[in-house]
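Dear colleague,

I am handing over the structure below, and I would be glad if you could look through it alongside the notes that follow.

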There are 2 protein chains.
Amino acid sequence: MNVVSTVDPRDGRRRETDLRETSRQELAAHISRASEAAEWLAGIGRVGRAALLDEIAASIESRRADLVATAEGETGLGHARLDFELTRAVVQFRMFGDVLRDGGYVEAAIDHAAETPLGPAPDVRRMLVPLGPVAVFGASNFPFAFSVAGGDTASALAAGCPVVVKAHPSHPLTSQASGDAIAAAVRRQGGPEGVVAIVHGQDAGLALVRHPAVRAAALTGSLAAARAIQAAIDERPQPIPFYGELSSVNPIVVLPAAATERAGQIADGLFASFTGSGGQLCTKPGLAFVPSGPAGDELLGSLRDQVASAGGAVLLNERIRDAFVEGEARLERAGAQVSARPDIGSATGFTVAPVLLEIDISRFSAEIADECFGPLMVAVRYDEVADLDAVLAAVPPSLTGSIHAGTDDDRAAVRRVADRFAATTGRIVFDGYPTGVRVSWAQHHGGPWPSTNSLHTSVGATSIRRFLRPLAWQGVPDWLLPEELGDGFREIPRRVDGRLEPGEPAAGHDPGGDAAPG
Amino acid sequence: MNVVSTVDPRDGRRRETDLRETSRQELAAHISRASEAAEWLAGIGRVGRAALLDEIAASIESRRADLVATAEGETGLGHARLDFELTRAVVQFRMFGDVLRDGGYVEAAIDHAAETPLGPAPDVRRMLVPLGPVAVFGASNFPFAFSVAGGDTASALAAGCPVVVKAHPSHPLTSQASGDAIAAAVRRQGGPEGVVAIVHGQDAGLALVRHPAVRAAALTGSLAAARAIQAAIDERPQPIPFYGELSSVNPIVVLPAAATERAGQIADGLFASFTGSGGQLCTKPGLAFVPSGPAGDELLGSLRDQVASAGGAVLLNERIRDAFVEGEARLERAGAQVSARPDIGSATGFTVAPVLLEIDISRFSAEIADECFGPLMVAVRYDEVADLDAVLAAVPPSLTGSIHAGTDDDRAAVRRVADRFAATTGRIVFDGYPTGVRVSWAQHHGGPWPSTNSLHTSVGATSIRRFLRPLAWQGVPDWLLPEELGDGFREIPRRVDGRLEPGEPAAGHDPGGDAAPG
């Protein structure tokens with residue numbers, strides 16, 4: 001099979017690695033081992049899997065320096081960002097350990113046999129069970145937190161599903177090193193080889209989701225990648241769920257009083273949010289609605305100054321760099337004008353200059369709301385808050401929608417924007433920025449199409465639900481029931497005869513949440 | 001547009017109704033009114049919707065005699081069964097009233113702003129919100145409980161989603177009368193016209209799921225119907241979730257000691273389960289594994305006697321009757337032999353004779369496990385429990401799998417069958433029968449493909465999840481939050497900073513569950 005190569009985006013140089021693209025035979029062997037590993041993951045139970053996740057977190061932590069250095073050479077994301085992202089990955093594994101020890105995620109419910117308005121009813125008990133081996137596609141822009149050692153892997157393992165990860169071609173060595181870290185942890189816990197496997201190559205990725213033993217697929221990536229994966233899934237006799245986190249322009253509305261009260265502060269926030277990580281975040285704000293008049297001028301002036309004096313941003317790969325250049329040209333053709341762009345001299349590798357574009361709301365069109373992945377934001381100037389309604393209706397659904405309101409902004413106007421975002425996004429951010437997605441119990445990272453293709457989240461505790469299905473037991477004797485459904489079990493929240501019992505967690509359950517870029 | 005006709009399956013006579021197939025213009029008007037009704041359903045809140053569901057239950061109850069009589073003339077299902085099914089429909093609406101008052105279904109979670117291992121994190125709050133207007137396809141075999149006044153409608157309305165129901169052509173008058181009953185209840189609660197609408201005709205059904213304002217679709221029906229609906233959905237630029245409850249053979253394993261201990265009792269149970277409602281239940285057992293030897297002979301002898309003296313069963317429509325006749329012939333070609341079939345003389349309308357087929361396990365093939373909708377069961381005779389493993393692996397996934405075990409049956413063998421069913425079904429039934437699906441909090445009605453195409457249930461409290469999506473609020477002030485996410489709110493279960501708080505329900509919350517055929 002083909003040799004896998006890696007490219008340093010800082011200089012564009014490609015070099016061969018020791019890795020090969022995964023053959024069909026190797027893929028079949030990985031999936032066969034994954035099926036066996038499913039039994040082991042079930043056998044160690046919730047508490048055993050929590051220990052496994054903690055061990056994985058520790059293993060990744062112990063290899064921090066190597067992992068971050070490897071990722072730096074493959075992604076061009078800076079050391080500080082990657083170091084932070086690795087912490088996020090560690091935190092995610094630990095959070096799912098807490099989710100497992102809490103146990104509420106299995107949604108245990110018991111209805112005892114009873115006389116009902118429909119006659120005598122049998123004893124019925126329900127909880128969620130793992131789907132089986134799942135496919136995860138690593139993301140280009142998060143070599144740790146949304147790749148081999150990312151949230152999809154953590155949530156799937158927590159659910160009890162072995163994972164076969166298709167490594168993103170932008171960071172094969174980081175993927176392999178992450179896989180090695182996980183494998184070492186699995187071995188320390190006495191687990192078999194198939195708990196997590198890595199495959200390389202586009203063919204292997206598509207063959208993976210066509211395989212009958214694979215029960216779900218998750219992707220953080222482009223609409224084009226999602227279409228290719230969905231087409232492969234559609235070849236299967238049995239459909240499987242496919243969770244894609246895809247495309248999002250993340251509009252931000254700055255209301256007039258907010259601009260008046262804190263123009264400089266908002267300019268700083270916008271700059272950091274749209275240029276951080278080279279603008280290569282799913283939640284990067286691509287569109288900011290800024291009022292006309294002096295306050296808006298001041299805000300944009302400050303933003304322009306910061307952009308004009310910014311350095312170049314190294315993008316992840318050649319395709320993303322080319323798409324950025326094309327995307328910017330497309331926005332200019334649609335009428336947006338360059339408001340600020342630094343001269344970064346002769347750029348090496350996949351380096352580009354960050355860009356602030358500007359357009360008047362009267363010239364707004366659907367093309368202006370197209371996502372352009374990278375360090376670019378379009379500022380849309382508006383005169384009247386009432387003019388926002390129609391324009392926001394033309395912005396495609398997104399992961400997030402943000403509102404900056406001042407004390408003097410009309411509450412009815414605030415509510416109108418919030419109601420719009422409630423209908424068209426997955427997270428409403430108030431006086432803040434959409435990047436820096438907190439990893440916690442209440443987080444939701446998802447939204448209406450095209451931001452995602454499902455009703456699920458890919459960040460936060462409830463992302464485990466993607467890899468579970470319900471199962472009911474009717475009249476089943478205690479010895480044959482899962483522990484969690486026994487009458488005497490009290491350690492997890494359960495709904496018994498319709499009433500929620502919060503459970504009495506065993507020692508060691510310590511819920512917590514965290515924040516990270518996204 | 002074409003006149004809608006109705007057929008009495010007892011005599012096969014077709015007559016015209018006052019109804020017309022729904023035109024494109026009428027459909028658009030229905031969906032437009034549904035979109036407006038979504039705001040009303042949101043505005044009345046959880047408690048308001050609970051009152052609406054109670055009012056609908058009362059309205060259906062008050063029209064019981066008319067509804068049952070109308071359904072009898074269109075479906076041929078007997079009076080007792082239909083009377084019971086109407087009670088089930090009433091119970092379903094009331095159960096979702098309880099689900100709303102409980103409020104746990106919104107999965108409210110609050111993570112307060114905090115210092116975390118990833119730095120300061122913002123306040124994030126999450127709950128589930130309604131999808132918007134949804135399409136429901138009425139089922140042929142449940143004119144009440146899985147049709148206009150069925151569980152899909154009840155759970156969608158509970159979620160806050162207006163419903164456009166495609167009436168099943170086997171019972172247009174029942175569908176319309178059910179819709180009238182619901183409409184009267186909506187009016188009494190001051191609601192608008194678009195809360196529930198009925199459309200007639202296949203074209204209208206497909207146009208419905210293609211409409212951009214429709215956000216989800218639910219079907220209880222055939223694989224062919226599901227394929228047609230999915231193809232129409234695939235024409236949309238934006239995908240929508242499609243929940244199909246499709247095809248299921250529902251295997252039953254009778255272990256040797258069970259046959260020895262209670263052959264007659266199991267024969268009675270099997271007979272009732274596979275012939276009840278003309279065998280036209282999603283959970284009808286189509287395949288029973290019965291041990292060879294005297295106890296199995298006694299069981300089958302008793303079953304044969306009951307089948308041989310049974311009367312004819314009126315099937316729902318001509319297509320189902322034809323498919324039944326073909327299905328039986330197909331099973332005979334695959335090697336199953338007629339074990340018992342009564343002579344029912346010259347059958348009128350769509351009446352057929354119930355059939356018990358028999359085959360030795362050595363001749364078992366995948367064709368023998370094909371679902372044949374109607375009053376037919378294949379008994380598979382086996383010598384050794386160990387022989388079941390390979391054969392059960394060839395049975396397609398089902399909604400249910402049932403095990404009858406006696407006190408002397410080997411527990412390891414019981415566990416092996418249960419583990420198989422845990423992997424390939426949605427409900428494991430022990431010493432019971434899969435029909436008579438209890439409607440309750442812990443119920444699950446679903447299973448791996450081809451029994452369903454999703455990871456969701458279409459019966460029980462959690463079926464509401466199909467019509468909801470998560471939404472997060474970050475840093476949003478109290479006045480702009482939904483009531484359920486305010487710091488001071490205590491009435492529903494919420495997860496606050498990772499810990500589940502069970503809530504202090506307002507008066508009137510009285511959880512309960514019920515049982516019904518399925």
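In this predicted model, Asp297(A) forms a salt bridge with Arg381(A), their closest N and O atoms lying 2.8 Å apart, where a salt bridge is a side-chain nitrogen of Lys or Arg within 4 Å of a carboxyl oxygen of Asp or Glu. The pair links distant parts of the chain, since Asp297(A) sits in helix α10 (residues 294-308) of chain A and Arg381(A) in strand β18 (residues 376-382) of chain A, 84 residues apart; helices (H or I, at least four residues) and strands (E, at least two) are DSSP runs, numbered from the N terminus. By this rule, the count over all chains comes to 50 salt bridges.

As for chain B, the axes of helix α3 (residues 79-102) and helix α4 (residues 151-159) come within 9 Å and cross at roughly 25°, the axes being lines fitted to C-alpha atoms, for helices over the stretch in contact, with angles running from 0 to 180 degrees between N-to-C directions. α3(B) and α4(B) are therefore roughly parallel to each other, a term for angles under 35 degrees.

Residues are numbered from 1 along each chain as its sequence is written, and chains are lettered from A and ligands numbered from 1 in the order in which they are written. Local features need pLDDT of at least 70, side-chain atom pairs count only at pLDDT 80 or more, and totals for chains, interfaces and linings use all residues, while side-chain values use heavy atoms, with hydrogens and water left out.

Best regards

Methods
Angles under 35 degrees count as roughly parallel, over 145 as roughly antiparallel, 65 to 115 as roughly perpendicular and the rest as oblique.
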